[in-house]
Amino acid sequence: MKVCKFGGTSLASAEQMKKVANIVRADIERKIVVVSAPGKRFKEDTKVTDLLISLADTVLTNGDVEEALRLVVSRYEQIANELNLPQQVVTIIKDDLQSRIQAKEEGDKEFVDLMKASGEDNCAKLFASYLQSLGVDAHYVDPKEAGLLVSKEYGNAQVLPEAYDNLMELRNKEGILVFPGFFGYTHEGTLVTFPRGGSDITGSIVAAGVKAELYENFTDVDSVYAANPNVVKNPVEIKELTYREMRELSYAGFSVFHDEALIPAFKKGIPVCIKNTNNPSAKGTMIVSERNYMVNPVVGIASDSGFSTIYVRKYLMNREVGFGRHLLQILEDEGLSYEHMPSGIDDTSIILRGSQLTPEIEERIVKRIETELHVDDVHVEHDFAMVMIVGEGMRKMVGLTSKATTGLARAGVNIHMINQGSSEVSLVFGVKSVDADKAVSELYLDFFSDVKSPVL
Ligand SMILES: Nc1ncnc2c1ncn2[C@@H]1O[C@H](COP(=O)(O)OP(=O)(O)O)[C@@H](O)[C@H]1O
Ligand SMILES: N[C@@H](CC(=O)OP(=O)(O)O)C(=O)O
């Protein structure tokens, strides 16, 4: 049995849905289809999820709800009309949205998640109707009935262990099951969404739950490339990656697959294949436990921006017992998580996602660090990017850092931080965001320009 997930680009229009239906029907092993909400049809288009977020905001701020609602409904209406589906399909979606709008008193976060999730929920209902219209024995699956249980962290849910056993029951159901991505339910029955891009996570959880032989993740590129194709022209395709490599690369900016989507599949040893809805005969990229690392010690170069750094300096910091704990406690009290913490003898820097730092939070933590830790200097800098070189074979490669830093120096990129994790599967450079693309392009040239084949 295979679980296949189709992303927003694969379901953005009637034309795309026809391709998806053909892919599903082409292989009888494709029993469970996880769907995202309709995504962008062209570069300047708006994803249905973003339309829903603005609909939720409009409801909460008493704006022009009718217009915001019309924008969402018209996306489904156009798809349904072009697929010759009965008007009733659209009526059901409109009624569903209107009844969700009535739930605005439940609390802002709960309400926004309820609205956001309707994108995939209604897409699953519409796509199941389309398959039925083609004579396929297809059924929409309600994640609540299927027992996809999650934690109560709005917009940031985590799957609960008991969900896997519940989902196993899906194996016994007849026909093709269309499962909406991106959300689950708490034990109390409250709907909560995963982080943005989280339908990949649902696909992985469902694949792990039913112990699928393969999790196919369909998107709009032939494979995962060694660098973001929007930054590097015609990068080489990657044939095979390990779970660890993919996790590092997607964490560091390869948006093609959500970084949190690896763990469920990895834990149950389910191989993942990234494939193209627009070119399904292309082999795609396989994500597996082991590969021959020495064929290509470095597999990819990624970058992600939006990081901030808290610099702290204090003479004899290294001798002060409990300094690090106290510093991190201040962050914990503000509910902040951090990504890296490179340190010297008398100084340390904490690198974290800048989106967590409001001006008020920043002011509070700087004041507390000054007054409670009596430091010589504390200040915050913004607009950093983390550029990451990833590959399981890197730990056996001599001179890798020197090669990378030479390339960055040639490109005139100032390195603010270097971090190599003990696993040695990745090497991270902190640079200013404005330099990120330049750094990726230069490192790509250094590590991949002599690769002859277009596939690694
Ligand atoms: N290294 C990479 N390899 C392939 N695609 C990448 C990479 N880095 C970024 N991307 C981008 O990821 C996009 C696919 O992800 P996304 O838009 O979330 O798809 P979906 O709508 O299928 O979920 C590609 O179109 C590509 O622009
Ligand atoms: N629709 C949600 C979840 C998702 O996974 O979407 P996509 O498959 O288009 O990345 C979002 O936009 O965040």
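Mentor: The shell around ligand 2 consists of 1 nonpolar, 7 polar and 4 charged residues (Ala, Val, Leu, Ile, Met, Phe, Trp, Tyr, Cys and Pro count as nonpolar, Asp, Glu, Lys and Arg as charged, and the others, Gly among them, as polar). This is a predicted model, in which local features need pLDDT of at least 70, side-chain atom pairs count only at pLDDT 80 or more, and totals for chains, interfaces and linings use all residues. Residues are numbered from 1 along each chain as its sequence is written, chains are lettered from A and ligands numbered from 1 in the order in which they are written, and side-chain values use heavy atoms, with hydrogens and water left out.

The residues that surround ligand 2 are K5, G7, G8, S36, K47, T49, E120, F182, R196, G197, G198 and S199; a residue is near a molecule if one of its heavy atoms lies within 4 Å of it. Three of these residues can be described by their polar atoms. A polar side-chain atom of K5 is 3.0 Å from an oxygen atom of ligand 2. For K47, an N or O atom in the side chain lies 2.9 Å from an oxygen atom of the ligand. A polar contact here is a pair of N or O atoms within 3.5 Å. Ligand 2 exposes 340 Å² when taken alone, and the protein buries 89% of that (accessible areas by the Shrake-Rupley method with a 1.4 Å probe).

As for confidence, the model scores ipTM 0.97 and pTM 0.91.

How values were computed. A polar contact is a pair of N or O atoms within 3.5 Å; within protein, one must be able to donate a hydrogen and the other to accept it, and residues adjacent in sequence count only if both atoms are side-chain atoms.
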